[in-house]
Amino acid sequence: MTGGARDRAVAGRLLPWTGAEGRPCYLVSDGTGYVSRLADEIEDVQIDMADALLGHAAELLAERRVASAELHYLARRLSESLRDVKRVAESRGARLAHPPRS
């Protein structure tokens with residue numbers, strides 16, 4: 001069998017969290033189960049957090065006096081958030097490449 005649900009399932013969905021040693025986690029399913037819904041919710045939280053962090057960054061960078069420790073902390077959080085949102089984009093992009101068939 002080529003194409004269809006089986007090929008999508010074999011490829012797996014990149015999940016918005018990592019496993020041991022920072023390795024990516026994948027889910028092999030039809031995309032309707034509990035773990036898929038949990039992954040969708042976590043992706044939404046990660047995107048919302050990135051948006052809030054961007055707002056905080058804009059406010060902090062608008063200030064004239066910012067301590068280097070504050071900038072370092074901001075850079076670390078932005079880096080973490082960018083990594084999360086990049087993983088979401090990769091996961092969703094991969095799923096767009098193989099839309100479900102009816």
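User: Which elements are included in what covers the buried residues of α2?
Analyst: This is a predicted model, in which residues are numbered from 1 along each chain as its sequence is written, local features need pLDDT of at least 70, side-chain atom pairs count only at pLDDT 80 or more, and totals for chains, interfaces and linings use all residues. The buried residues of α2 are S36, A39, E43, Q46, A50, L53, A57 and L60, where buried means under 20% relative accessible area, exposed over 50% and partly exposed in between, with a 1.4 Å probe and protein chains only. Helices (H or I, at least four residues) and strands (E, at least two) are DSSP runs numbered from the N terminus, and, with contact taken as heavy atoms within 4.5 Å, the cover of these α2 residues includes β1, β2 and α3.

User: At what angle do the axes of helix α2 and helix α3 cross?
Analyst: Axes are lines fitted to C-alpha atoms, for helices over the stretch in contact, and angles run from 0 to 180 degrees between N-to-C directions. For helix α2 (residues 34-62) and helix α3 (residues 68-97), the axes come within 9 Å, and they cross at roughly 145°.

User: How far apart are the end C-alpha atoms of α2?
Analyst: The expected span of a helix is 1.5 Å times one less than its number of residues. The 29 residues of α2 should therefore span 42 Å, and this agrees with the separation of its end C-alpha atoms, which is 42 Å.

User: Which residue forms a salt bridge with E43?
Analyst: Side-chain values use heavy atoms, with hydrogens and water left out. A salt bridge is a side-chain nitrogen of Lys or Arg within 4 Å of a carboxyl oxygen of Asp or Glu, and E43, which counts as buried at 1% relative accessibility, has a partner whose closest N and O atoms lie 3.0 Å apart. That partner is in helix α3, 49 residues from E43 in helix α2, and, counting as partly exposed at 32% relative accessibility, it is R92.

User: What separates K86 and E90 in helix α3?
Analyst: The side chains of K86 and E90 meet in a salt bridge, at 2.6 Å from N to O, and E90 counts as partly exposed at 39% relative accessibility. Because K86 and E90 are four residues apart in helix α3, their separation is about one helical turn.

User: What is the relative accessible area of E21?
Analyst: E21 lies in the loop between β1 (13-18) and β2 (24-27), and it has a positive phi of about 60° although it is not a glycine. R23 forms a salt bridge with E21, with the closest N and O atoms 3.6 Å apart, and both residues are exposed. For E21, the relative accessible area is 71%.
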